[in-house]
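Biologist: Could you walk me through this one slowly? I would like to go chain by chain and then look at some details.

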Amino acid sequence: MNTEILGIIVMFTLSILLAIPFGKYITRVYSGEKTLLDPIFNPIERIFYTISGIKPQTEMDWKQQMTAMVTINMVWFLLGMLILMTQGNLPLNPDKNPSMSADLAFNTVISFVVNCNLQHYSGESGLSYLGQYWLMFLQFVSAGTGMAAAVTVFRAFRDKSTSNLGNFYNYLVKSCTRILLPVSFIVAIILSFEGTPMTFEGKDNMVNLQGDTIEVSRGPAAAFIPIKHVGTNGGGFFGVNSAHPFENPSYLSNMTEMIAQLLIPMAMIFAFGYFIRRRKLSWMIFGVMTIGFLLLTIPNILMETKGNPAITAMGIDNSLGAMEGKEIRLGAQASGFWSIVTTVISTGSVNSMHDSTMPLSGMNELLAMMINAFYGGVGVGLLNFFVFIILAVFISGLMVGRTPEFLGKKVEAREMKIAMIIALLHPFLILVGTALAAALPQYSEASLNNPGFHGFSEMLYEYTSSAANNGSGFEGLGDNTIWWNISTGIVLILSRFLPIIGPVAIAGLLAEKKFIPESDGTLKTDTATFGLMVFAVIAIVAALAFFPALALGPIAEYFSLY
Amino acid sequence: MKKNILPAIKLTVIMILFFTVIYPLAVWGIAQFSPNAGKGEVIEHKGKKYYTNIGQAFTVDKYFWSRPSAVGYNAAGSGGSNKGPSNKEYLAQVQTRIDTFLVHNPGIRKSEIPVDLVTASGSGLDPNFSVQAAKVQVKRIAMVRGIEEQKINQVIERNIERPLWRNFGPQKINVLKLNIALDNIGK
């Protein structure tokens, strides 16, 4: 078998093999059981709580949890605006980069607070090292926020009937210190030995072998890059993200970053099963997600390997595949694989330029974000999937004529309304955003990098990436304009907090209900049949809502090229 | 919400200290033992230093050309062309690159030109090209430098970097290392 395909298989298998035990570890962390890292983190967390005056043992119901979450996110947002708009005059700015304009700072802070990392700037020229590290802080805590919300849902299904769902701050801090940090630290060490810089010295001047003078951007990147993957944030230190030879210097660093981003989204699925003591349910969820993931990723690898037919027609040796926007050390196959991993989970880091991928590869990247529930971002992926489960439970219940139930709780009108709103919000934001941009060419047309169908795809991609809190882009789009900064900023806020609050509210409402023991009449949710049902719901919601838009963009481009 | 504000601010401050000061310092400390102490790997050649991982523009005929770059290999920034696969202007540009290559490399058939030599990389700083990209330039370099092709082929052979642990990923050549090795054999 060829070495490039073998590389992909090893990355994927290793991620799964590591995710299962790591899921067990996550369960132990959140249930407060003993772990190996207690001696390090118990004292550190004690300092956190003493200074902040928070009592991590206080139980909260779902409304108190969400209030705490929104409040601390507001604090991060305001502080972030302050830092990014003054960074030019603050320390740690060896390259003398300027402060951000208000609209760019708004977009940047929002997109890092909501775990999206859209990045309408380029790291080398748009941020000081202080600004970079402020964003790194947001990468930790925004990932922690998503995980904390997911654990609230876990709790709702563990106890038979309760309104106490644990403490938000406790979950947030533990996610950051005991789960995100140790993994990031290991990845940071691997990256720095593979050649990623970790220096505060700023740009270097040099004369190259041919005699031209150039500058080389460096920076304290080795600490920053791990959390962008481990927390499925995706915001890169350098402009081109993990395509940059400092950010991703070798095939080994590429494998490391790949496993780092798959690890926690997968592990959270297994943690869910361990936590509520229903491991079969984990396997149902994991199975559906994996099938969906493979259906998107295999075609991409094949299409990128085959390369651009218009270039093949020119008569050159096209056997390396679609190399426009790709790096030789990574190759077309590993880049095609990455393009789907980063879009199904909400990382949005790239190791090749998605704008230059083949038309239907671009479509699969879009579909991955439109569905946004195959693995998904840390914590929030599971929340999105949970909404689809609720929908599937309801529809199956109607089909067999029984009261819809999930894990012993009746699903009634109120929960269904929330689930419907959340499921429809996502296509609503994407399609309305794109429609507005297309209808107002005075704001959008000048920013397009490609004409025709592909130009439409660039706009569709930008809103899809925002609504999925993904952060990757068809980067040709000149997106640092007031139109793009503000409109995607609004999409970002709505598409982050409602899809967190919605599922937590459903779980909170279900948790308060009476527990109905399983009987012969209960619809079993941990079976392959039910998995198929969930898959069908996902396919129908995504296909029906998005097909017309996809037909105007990537599908039309495909038929113009082949 | 009010009673959450103060704890939220205090928790934020202490967490900033931990995640943006203590954690990076720990990584920085360990990076001091990495190649070139975390300042980016370098190659020394004739008293000058070059970054191993940062590709350079090679456009003159006596060197192996590197891949096209959307940012001219200026590593102050980075960037790809972001051209879509069906963009007519882009396809014309690729065709021009093929024609230019053929002009500078007489005796080469079009079907021998590998695609990486006529397409821009993602970062614009790709330090590598494919083995075929080196082989297709041997004739020209031999002519310009006046050395036998066989000698150049040996240099190429010595500079091929195999897949990771021989089993994973593509094989490749570091263009800078190859050109330095080329300078070392003379002319």
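Biologist: What share of the 562 residues of chain A count as buried?

Modeller: In chain A, 62% of the 562 residues count as buried, where buried means that 20 or more other C-beta atoms, placed from the backbone, lie within 10 Å of the residue's own, while 12 or fewer makes it exposed and anything in between partly exposed. Please keep in mind that this is a predicted model, in which local features need pLDDT of at least 70 and side-chain atom pairs count only at pLDDT 80 or more, whereas totals for chains, interfaces and linings use all residues. Residues are numbered from 1 along each chain as its sequence is written, and chains are lettered from A and ligands numbered from 1 in the order in which they are written.

Biologist: OK, and how many helices and strands are in chain A?

Modeller: Chain A has 19 helices and 4 strands, which are DSSP runs numbered from the N terminus (H or I over at least four residues for helices, E over at least two for strands). Its radius of gyration, 23 Å, is close to the 24 Å that the globule rule gives for 562 residues, so chain A is as compact as a globular protein of that length. That radius is taken over C-alpha atoms, and the rule is 2.2 Å times the number of residues to the power 0.38.

Biologist: Which residues meet where helix 6 of chain A contacts helix 1 of chain B?

Modeller: From helix 6 of chain A, A:Tyr133, A:Met136, A:Phe137, A:Phe140 and A:Val141 meet B:Met15, B:Ile16, B:Phe19, B:Thr20 and B:Pro24 in helix 1 of chain B. The axes of these two helices come within 10 Å and cross at roughly 115°, with axes being lines fitted to C-alpha atoms, for helices over the stretch in contact, and angles running from 0 to 180 degrees between N-to-C directions. The two helices are therefore roughly perpendicular to each other, since angles of 65 to 115 degrees count that way, under 35 being roughly parallel, over 145 roughly antiparallel and the rest oblique.

Biologist: Changing topic, is A:Val114 buried or exposed?

Modeller: A:Val114 is buried, with 30 other C-beta atoms within 10 Å, and A:Val114 is found in the loop between helix 4 (102–113) and helix 5 (123–126) of chain A.

Biologist: And what is A:Val114 in contact with, leaving aside its neighbours within four places in sequence?

Modeller: A:Val114 is then in contact with A:Ser142, A:Asn469, A:Leu492, A:Ile493 and A:Arg496. The C-alpha atoms of A:Val114 and A:Ala467 are separated by 10 Å, although the two residues are 353 residues apart along the chain.

Definitions and conventions:
Two residues are in contact if their C-beta atoms, placed from the backbone, lie within 7 Å.
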